[in-house]
Amino acid sequence: MALEAYASRNPDTVHTDVLSEARQACYKARDAFYACLEKESNKAPTEIASVGLLYPSECKGSRAEFVKHCRASWVKHFDRQYCRNRRVQRLLDDKDSRRGPLTLPQPYTFKSPS
């Protein structure tokens, strides 16, 4: 029903930002921005993007291109997705560093076997 109402309101409107060429330009700008984030990951983040994503000022140009070529809802979605993937990766990496022999606390209620 909502789709029918939307279609009846805008019968001749073509949303060019969802066409194949525009999507490809959006994906290319997105990939360039996130590649810049990975490349500049050792620098202190100074800029704030949507959903609290922080990035260094060296990536400001690629961020502007990303925002220019993509819908705002897509930018927000991709930022959330990137943050979620980074959080999961950080948890997985942290888990690897904690591997090793498992030591359990020794109970003090038992007497020594001597």
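Two residues are said to be in contact when heavy atoms of theirs lie within 4.5 Å. The model examined here is a predicted one. Once its neighbours within four places in sequence are set aside, Leu37 is in contact with Leu53, Leu54, Tyr55, Pro56, Cys59 and Tyr82.

Leu37 also belongs to the largest nonpolar core, which has 15 residues. Together with Phe33, Tyr34, Leu53, Tyr55 and Phe66, Leu37 is among the residues that touch the most other members of this core. Both α2 (20–39) and α4 supply at least two of the core residues, and α2 contributes the largest share, namely six. In soluble globular proteins, nonpolar side chains tend to be buried together.

The largest pocket may be considered next. This pocket holds about 250 Å³ of space. It is lined by 13 residues, of which Leu37, Leu53, Leu54, Tyr82 and Arg86 are the closest to its centre. At least two lining residues come from each of β2 (54–55) and α4 (72–97); α4 gives the most, with three.

The chain as a whole remains to be described. Its four helices and two strands follow one another along the sequence in the pattern α-α-β-β-α-α. Among contacts between residues at least 6 apart in sequence, 50% join residues at least 24 apart. Of the chain's 114 residues, 19% count as buried. The chain exposes about 9,300 Å², and 56% of this area is supplied by carbon and sulfur atoms.

Key. Residues are numbered from 1 along each chain as its sequence is written. This is a predicted model: local features need pLDDT of at least 70, side-chain atom pairs count only at pLDDT 80 or more; totals for chains, interfaces and linings use all residues. Side-chain values use heavy atoms; hydrogens and water are left out. On a 1 Å grid over the protein atoms alone, a cavity is a set of points where a 1.4 Å probe fits but cannot get out, and a pocket is an open set with protein on both sides within 12 Å along at least five of seven lines; lining residues have an atom within 4 Å of a point. Grid points are joined across faces, edges and corners, and a volume is the space filled by probe spheres set on the points. A nonpolar core is a set of buried Ala, Val, Leu, Ile, Met, Phe, Trp, Tyr and Cys residues joined through side-chain atoms within 4.5 Å. Buried means under 20% relative accessible area, exposed over 50%, partly exposed in between (1.4 Å probe, protein chains only). Accessible areas come from the Shrake-Rupley method with a 1.4 Å probe; for residues, only the protein chains shown count as cover.
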